[in-house]
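Trainee: I am new to this structure. Could we go through it together?
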Amino acid sequence: MISGTSDLQSTLKPAVFLDRDGTITRLDGYLISPNQVRLLPDAAASLAKLKQTGFLCILVTNQSAVGRGMITTDELDTIHAELNRLLAAAGAQLDAIYSCHECPSLDDETIVEQPDRKPGPGMLLRAARDLGVDLSQSWMIGDRLSDVLAGVNAGCRSIRVRTGHRYTCPIRSIDCEYACKYSIKEAAEFILAETRTKDRAIGI
Ligand SMILES: [Mg+2]
């Protein structure tokens, strides 16, 4: 039997897509060794709360360090194994990790050069197909405009956090709305508050 669109929609899950460096881990240049992985304060607790509320937690990370020849894909896997170990030790877990290894050729993070590299939505769209995500009920959290735009380009709402990349020049205005929060903790609290408000509005 083939499910109708409404049946299919009801089985889809909301997700929070998360950037890595400067969002859930400390931003410290290129991360090229598992020994450098440091969780930011409240990252694990925030992920755990989102997951308890029913959100999938999916990491989507630009890793041009691979494309630049600074690390291999196996080394990137060991870095992510350490990230998973640290999260598990703090009671949290990611549902999936997607990484894009392409190098940018332009110094403009608002331009989609390659579908998978943020601000392209490719990783989010693939995760949505793989894991059954309702993008319209999902969020993207990251420290860069490329994160914000990747979320918007995938049909999600976006939040920019201030724990990572610092803009030393005026931020180029982009034609989309997004929320600014200090950290992953405030971003998660904002998402949970918005979810409660929506649930009240539809009488859940
Ligand atoms: Mg980042």
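This is a predicted model: local features need pLDDT of at least 70, side-chain atom pairs count only at pLDDT 80 or more; totals for chains, interfaces and linings use all residues.

Trainee: Which residues coordinate the magnesium ion?
Mentor: The magnesium ion is coordinated by D19 (OD), D21 (O) and D143 (OD), at 2.1 to 2.2 Å.

Trainee: What spacing do these donors follow along the chain?
Mentor: The donors of the ion are spaced as D-x1-D-x121-D.

Trainee: Is D19 buried or exposed? And why?
Mentor: D19 has a relative accessible area of 7%, so it counts as buried. The cut-off is under 20%. D21, at 15% relative accessibility, also counts as buried.

Trainee: Changing topic: which residues touch the most other members in the largest nonpolar core?
Mentor: L18 and I141 do, in a core of 32 residues. Among the elements that each supply at least two residues of this core are β1 (15–18), α4 (73–89), β4 (139–142) and α7 (184–201).

Trainee: What does L18 touch?
Mentor: Leaving aside residues up to four places away in sequence, L18 touches I24, L47, C57, I58, L59, V60, L94, M140, I141 and I184.

Trainee: Where is Y30 placed?
Mentor: Y30 is in the loop between β1 and α2. Its relative accessible area is 40%, so Y30 is partly exposed.

Notes
Residues are numbered from 1 along each chain as its sequence is written. Side-chain values use heavy atoms; hydrogens and water are left out. Donors are N, O and S atoms within 2.8 Å of the metal (3.2 Å for Na, K and Ca); water is not among the atoms, so sites may look incomplete. Buried means under 20% relative accessible area, exposed over 50%, partly exposed in between (1.4 Å probe, protein chains only). A nonpolar core is a set of buried Ala, Val, Leu, Ile, Met, Phe, Trp, Tyr and Cys residues joined through side-chain atoms within 4.5 Å. Helices (H or I, at least four residues) and strands (E, at least two) are DSSP runs, numbered from the N terminus. Contact means heavy atoms within 4.5 Å.
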